[in-house]
Amino acid sequence: MTAFRSLALAMARGFLRDRMAVFFSLVFPLMFLVLFGGLLGGDDAPRPEVVQVGAVPLLDDVPAEQRAVVESSLELRTAGDLEAALDDVRDGDAAAAVVQDGDRVVVYFSQADTIVAGTVQGLFQSIVQSANVDATGQPPAYELATERVEDESLETIQFVTPGLLGWAVAMSATFGAATNLVVWRHNGLLRRLRLAPVRTSSVVLARVVVSLLVAAVQATVFIGLGVAAFGLQLTDSWWLVVPLLLAGTLAFLSVGLLAGAVARTEEGAVGMANFVVLPMAFLSGSFFSLEAAPTWVRGIAEVLPLKWLNEGMLDVMVRGQGVGAVLLPVGMLLAFTAVLTVLASRLFRWDR
């Protein structure tokens with residue numbers, strides 16, 4: 001235990017004294033939380049601006065209820081000159097211009113922003129169809145209602161925090177293990193530890209405990225900041241994040257051990273860790289949802305540990321699921337840990 005305490009304290013002090021390690025493990029991911037929380041925390045989306053040229057009965061004579069829907073979706077302003085309105089659309093000062101000549105309604109839009117153009121066209125198609133139904137006097141056979149499956153009180157920060165926390169844990173565990181091994185091998189400390197009356201298990205356990213403490217600090221800061229500054233709401237089962245963080249830290253420690261076992265220099269270890277963790281963050285849904293991703297991308301994500309960590313934390317922190325939601329993610333993370341640990345032990349060397 002004396003050797004373990006000494007090693008753990010040395011590793012912890014080394015981490016705290018390494019400003020770059022602290023920055024990339026805590027401050028850098030936290031910057032993304034603040035950025036996403038600040039930019040995406042509001043519910044108000046900008047409304048496309050549409051220029052109404054002259055009289056447009058389709059809009060002017062629309063019933064009050066539909067008019068409210070139109071005004072909530074578009075920002076309408078009037079103009080008397082079509083050419084000036086078209087110039088505004090070309091210059092990006094307006095999303096579209098609309099004119100009406102008898103029964104013909106023309107919507108002019110710019111293809112420069114396909115998303116806004118599609119939104120405006122879809123809305124006007126809906127208005128025209130509704131007007132056609134009113135003109136025929138035949139009521140529609142079906143009624144469409146849309147509702148979101150999540151609680152209306154949920155903010156974007158609910159879905160951002162788990163992914164960024166998972167990414168932060170992945171970075172700290174991977175980089176910490178990789179750089180420790182390479183630096184200690186380079187300065188001969190690993191050789192001294194091998195000759196000293198210190199068990200290998202004490203060295204590994206010290207690294208594990210330090211990484212778990214760093215993960216605990218990261219979780220406390222991320223969740224605390226999310227709750228205090230951005231309105232993060234925790235479910236009753238949020239505490240199940242603890243076993244997920246434990247298994248996730250072990251999984252990414254194994255990644256770091258493998259990188260440290262293979263790399264010969266500190267720069268090489270950092271490069272290998274970056275090569276693994278950064279693409280994995282994009283492929284695992286840390287920054288955005290993978291629902292619209294191609295099938296092959298989602299297939300790759302299924303074998304990545306960060307995907308299981310993110311999904312498990314999302315289930316317990318946001319969706320309010322219970323113990324059953326963490327069993328599969330924890331199992332997958334531990335299986336990943338076992339495979340990479342065996343591989344790292346085969347490639348590990350005490351000397352350069």
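Start by selecting helix α13 (residues 305-317) and helix α14 (residues 324-347), whose axes lie 9 Å apart and pack at an angle of about 160°. An axis here is a line fitted to C-alpha atoms, for helices over the stretch in contact, and angles run from 0 to 180 degrees between N-to-C directions. Helices (H or I, at least four residues) and strands (E, at least two) are DSSP runs, numbered from the N terminus. α13 and α14 are therefore roughly antiparallel to each other; angles over 145 degrees count as roughly antiparallel, under 35 as roughly parallel, 65 to 115 as roughly perpendicular and the rest as oblique. The crossing of α13 past α14 is left-handed, a term used if the near helix is turned anticlockwise from the far one by less than a right angle, with right-handed used if clockwise.

Show the side chains at this contact. From α13 come Pro305, Trp308, Leu309, Gly312, Asp315 and Val316, and from α14 come Ala325, Val326, Leu328, Pro329, Met332, Leu333 and Phe336. Contact means heavy atoms within 4.5 Å. Sorted by class, these are 11 nonpolar, 1 polar and 1 charged residues. Ala, Val, Leu, Ile, Met, Phe, Trp, Tyr, Cys and Pro count as nonpolar, Asp, Glu, Lys and Arg as charged, and the others, Gly among them, as polar.

A note on the model: it is predicted, with local features needing pLDDT of at least 70 and side-chain atom pairs counting only at pLDDT 80 or more, while totals for chains, interfaces and linings use all residues. Residues are numbered from 1 along each chain as its sequence is written, and side-chain values use heavy atoms, with hydrogens and water left out.

Stay on α13 and select Lys307, which is found in this helix. Is Lys307 buried or exposed? It counts as buried because its relative accessibility is 13%; buried means under 20% relative accessible area, exposed over 50%, partly exposed in between (1.4 Å probe, protein chains only). Leaving aside its neighbours within four places in sequence, Lys307 is in contact with Ser284, Ala301 and Glu302.

On the α10 side the contact is made by Val241, Leu244, Leu245, Gly248, Ala251 and Phe252, and on the α13 side by Pro305, Leu306, Leu309, Gly312, Met313, Val316 and Met317. This contact of α10 with α13 has 11 nonpolar, 2 polar and no charged residues.

Pick out Leu245, found in helix α10. Leu245 is buried, with a relative accessible area of 9%. Apart from neighbours within four places in sequence, Leu245 is in contact with Val169, Ala215, Ala219, Leu309 and Met313. For a distance check, select Leu165 as well: the C-alpha atoms of Leu245 and Leu165 are separated by 9.4 Å, although the two are 80 residues apart along the chain.

Now keep α10 and return to α14. How do α10 and α14 pack? Their angle is about 20° and their axes are 8 Å apart. The two helices are therefore roughly parallel to each other, and α10 passes α14 in a left-handed crossing. Residues of α10 in this contact include Pro243, Leu244, Ala247 and Gly248, which belong to a set meeting α14 residues including Val326, Pro329, Val330 and Leu333. By class, the contact of α10 with α14 has 20 nonpolar, 4 polar and no charged residues.

Move to the loop between α13 and α14, where Val318 is found. Val318 is buried, with a relative accessible area of 10%. Val318 and Leu232 are 86 residues apart in sequence and 9.3 Å apart in space, C-alpha to C-alpha.

Two more stops remain. Val214 lies in helix α9 (residues 200-230) and counts as buried at 13% relative accessibility. From Val214 to Thr249 is 35 residues in sequence and 9.6 Å in space, C-alpha to C-alpha.

Leu190 is in helix α8 (residues 189-195) and is buried, with a relative accessible area of 2%. Beyond its neighbours within four places in sequence, Leu190 is in contact with Leu181, Trp184, Arg185, Phe348, Arg349 and Trp350.

Finally, show the whole protein, which has 14 helices and 4 strands. Of its 352 residues, 39% count as buried.
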